[in-house]
Amino acid sequence: KTVKKRLTKEFKALQSTVQQGDFPQEKDLAEFVNDSRRMADFAEPEWQEAMNEYLDHLANLQRAVAAGQLEVVAHELRDLGARWKACHREFK
């Protein structure tokens, strides 16, 4: 639950930064990526396909930030949020 709470806070912070037209700070993105990977470590076997999709979007987010593509960053955040909500509906 601790990782989940941190992820929620970190995700909202990333969204807010991007909505303001800025790129996420390296530290903020790194924390989100690390906590996302920790969450993946806790994934039940039946969640694995959904978690792999989430991790793919996470990698896309990192590439978009590195390439300076703010629109793609925003898109990947939306995709991550959608995947997150879908997981909760499917596996809660």
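**Figure 1. His-57 sits in helix H3.** Helices (H or I, at least four residues) and strands (E, at least two) are DSSP runs, numbered from the N terminus. The model is predicted, with local features requiring pLDDT of at least 70 and side-chain atom pairs pLDDT 80 or more, while totals for chains, interfaces and linings use all residues. Residues are numbered from 1 along each chain as its sequence is written, and side-chain values use heavy atoms, with hydrogens and water left out. His-57 has a relative accessible area of 15% and is therefore buried (under 20% relative accessible area; exposed is over 50%, partly exposed in between; 1.4 Å probe, protein chains only). Apart from neighbours within four places in sequence, His-57 is in contact with Glu-76, Asp-79 and Leu-80; contact means heavy atoms within 4.5 Å.

**Figure 2. Val-33 belongs to helix H2.** Val-33 counts as buried because its relative accessibility is 3%. When neighbours within four places in sequence are set aside, Val-33 is in contact with Leu-58 and Gln-62. From C-alpha to C-alpha, Val-33 is 9.6 Å from Glu-10, and the two residues are 23 apart in sequence.

**Figure 3. Helix H2 packs with helix H3.** H2 covers residues 26–41 and H3 covers residues 48–67; their angle is about 165° and their axes are 11 Å apart. H2 is therefore roughly antiparallel to H3 (over 145 degrees; under 35 is roughly parallel, 65 to 115 roughly perpendicular, the rest oblique). Axes are lines fitted to C-alpha atoms, for helices over the stretch in contact, and angles run from 0 to 180 degrees between N-to-C directions. The H2 and H3 crossing is left-handed, meaning that the near helix is turned anticlockwise from the far one by less than a right angle.

Figure 4. The contact has eleven nonpolar, two polar and one charged residues (nonpolar: Ala, Val, Leu, Ile, Met, Phe, Trp, Tyr, Cys and Pro; charged: Asp, Glu, Lys and Arg; polar: the others, Gly among them).

**Figure 5. The chain has four helices and zero strands.** The pattern along the sequence is α-α-α-α. The C-alpha trace spans about 35 × 20 × 20 Å along its principal axes. Of the 92 residues, 33% count as buried.
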